[in-house]
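Here are my notes for your read-through. Please keep the model open beside them.

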Amino acid sequence: MSVPAETNAAPDAGAGRGADPREIELKLIVPAARLAEMATSPAIEHHARNAGTVRRLNTVYYDTPDRALWEAGFTLRVRNKGAACTMTVKSTEPANGGLLARSEWEAPVQDMRPRVGALAAQLPKAFFEALGAASLEPMFSTEVRRRTRKLDLPDASIELAVDEGRIVAGKASEPICELEFELEGGSASALYDLALDLAEHGPADLSIRSKAARGFDLALGRPPAFVKAKKSAIRGKVSLDDAFSAMLVDALLHLMRNKPAAIDGRHPEGVHQLRVALRRTRAILKLLGKLTGSSEADAFAGEARWLAGEHGDARDWDVFMVETVPPIEAACPEIAGFADLRNAAEILRERGYDRARAALAGPRAQRFQLLLARWIACRGWRADLSGKARAALAAPASKHALTVLTRQHRKVLDMGRHFDRLEPEARHELRLAVKKLRYVTDFLLPLCARKGSEARRYAKALSVLQDGLGRYNDVAVTAALLDRVAVPEMPAAAREACGAIRGWQARDLADLEAGLRAPWDGFRATGRPWSK
């Protein structure tokens, strides 16, 4: 079914827009076998007004043939509830810098066909710009049995939706098994408190991946997408307190967006970006802990380090299989043992992914995400602050950004003194310091850079240095991986392939040593794009 453009066009796409309505919703993914038990756990029954209602919901998601709405950050669906049909447009990006809030617009329609003109006065201009004159087509559908209940908590009113069903795209389908908590009034922290209570009764994974995102992936037969960190949007005379909140939300969103791709494992960037998100989170928490003395910030940083470590093996074997082996194998066609080597390494790679998935599915990681999200929402670092720390948080963030950037920049220069004579351990410590400078620069440089061109030049020099030091570190990691894979029972031909890799990387190491000086000198020569 295709809906012609003239049916969809707004009567006046330039008309004034109404208020931006939002839904604040927390979603938990739970195992199908535990859904009924979780939905009737004491944490729910204690607050429920009644047994609730059960409905069958059939929903069709629409977009243009080239998915222009999705690419522009919108989803469009029509849902049937008995005899009534409702059209809903949602934003795919969080609203107002939060984790749980999304913009949402609804209107009744006569049947299961969308008529976006009904929302002409409410939808943002960007929606109609993306739609243009294109026709709308059904992309996929969902079939859900939903049980809704009203929950009354001391500080909030919440609607619980227990969703069980499936997403359907052509002949493909996948199950839906979710608990959704929508805030109808009161404090958003109540959503996290309730989710944490539920997590005591079994697996409950915080998720921001929508049914729409899952449906598009299913329809296109693609794995969940990985997402790189976005440029910081913090600008102007924002307070340090607000800046820390925005930075932590950004880092946590980066983590949550990459979790599906990391679990799926079909693209190595999933695990890589998840680890980057955890390192960025840790860098911010350490800055916050140092300023405020918050023991919780330090504890969260420790959990982020643990979870990144649980994904270390998966990442190391991904690099080995995808980046290290292929060019050497292509350059050494006379060696027949690379296939056996790859088979042996693949077994260890799968073990690494099993370990990573087990960590994410375990209670420690699930509670870490919920607790951190709640702490950010409540700005838990404000608890028990000294007067000095409270004043620092209220001050403009640019002042603290200057101090942090200057301190970390000087630390890198000090650690790199006598660069050519650094021992491997000192080179490793310098790499970590450069990486930390890269993360704090991503967040803080927009607050205090003199000119955009200077900031870009500095960021580029820093990135080139980090990449060079990273390649140097990769050689050491490869040597350790070869020690693990080269078991006594390995075929002789595969051992020969291991030897070829060691020899190749020994040559590369000599080249890297000679080539690292230029990135280091380039970084030193690049002026700081801030004034302090």
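**Notes on a predicted model**

1. Start with Asp-163. Leaving aside residues up to four places away in sequence, Asp-163 touches Leu-35, Val-144, Arg-145, Arg-146, Ile-176, Cys-177, Glu-178, Glu-180 and Lys-211. This is a predicted model, so treat each point below as computed.

2. Asp-163 sits in strand β7, which spans residues 156–169. Asp-163 counts as buried because its relative accessibility is 0%, and the cut-off for buried is under 20%.

3. Look at the partner of the Asp-163 side chain. A polar contact of 3.1 Å joins it to the side chain of Lys-211. Also check Thr-148: Asp-163 is 15 residues from Thr-148 in sequence, and their C-alpha atoms are 8.8 Å apart.

4. Next, a helix pair. Helix α10 (residues 295–310) and helix α13 (residues 363–378) have axes that come within 11 Å and cross at roughly 145°. The crossing is left-handed.

5. Which residues of α10 and α13 meet? From α10 come Glu-296, Ala-297, Phe-300, Glu-303, Ala-304, Trp-306 and Leu-307. From α13 come Arg-364, Ala-365, Phe-368, Leu-371, Leu-372 and Trp-375. This contact holds 10 nonpolar residues, three charged and no polar.

6. Check the backbone at Arg-379. Arg-379 is not a glycine, yet its phi is positive, about 50°. Arg-379 lies in the loop between α13 and α14 (387–394). Its relative accessible area is 19%, so Arg-379 is buried.

7. His-418 is not a glycine, and has a positive phi of about 60°. The loop between α15 (397–415) and α16 (424–448) holds His-418.

Definitions and conventions:
Residues are numbered from 1 along each chain as its sequence is written. This is a predicted model: local features need pLDDT of at least 70, side-chain atom pairs count only at pLDDT 80 or more; totals for chains, interfaces and linings use all residues. Side-chain values use heavy atoms; hydrogens and water are left out. Axes are lines fitted to C-alpha atoms, for helices over the stretch in contact, and angles run from 0 to 180 degrees between N-to-C directions. Helices (H or I, at least four residues) and strands (E, at least two) are DSSP runs, numbered from the N terminus. A crossing is left-handed if the near helix is turned anticlockwise from the far one by less than a right angle, and right-handed if clockwise. Contact means heavy atoms within 4.5 Å. Ala, Val, Leu, Ile, Met, Phe, Trp, Tyr, Cys and Pro count as nonpolar, Asp, Glu, Lys and Arg as charged, and the others, Gly among them, as polar. Buried means under 20% relative accessible area, exposed over 50%, partly exposed in between (1.4 Å probe, protein chains only). A polar contact is a pair of N or O atoms within 3.5 Å; within protein, one must be able to donate a hydrogen and the other to accept it, and residues adjacent in sequence count only if both atoms are side-chain atoms.
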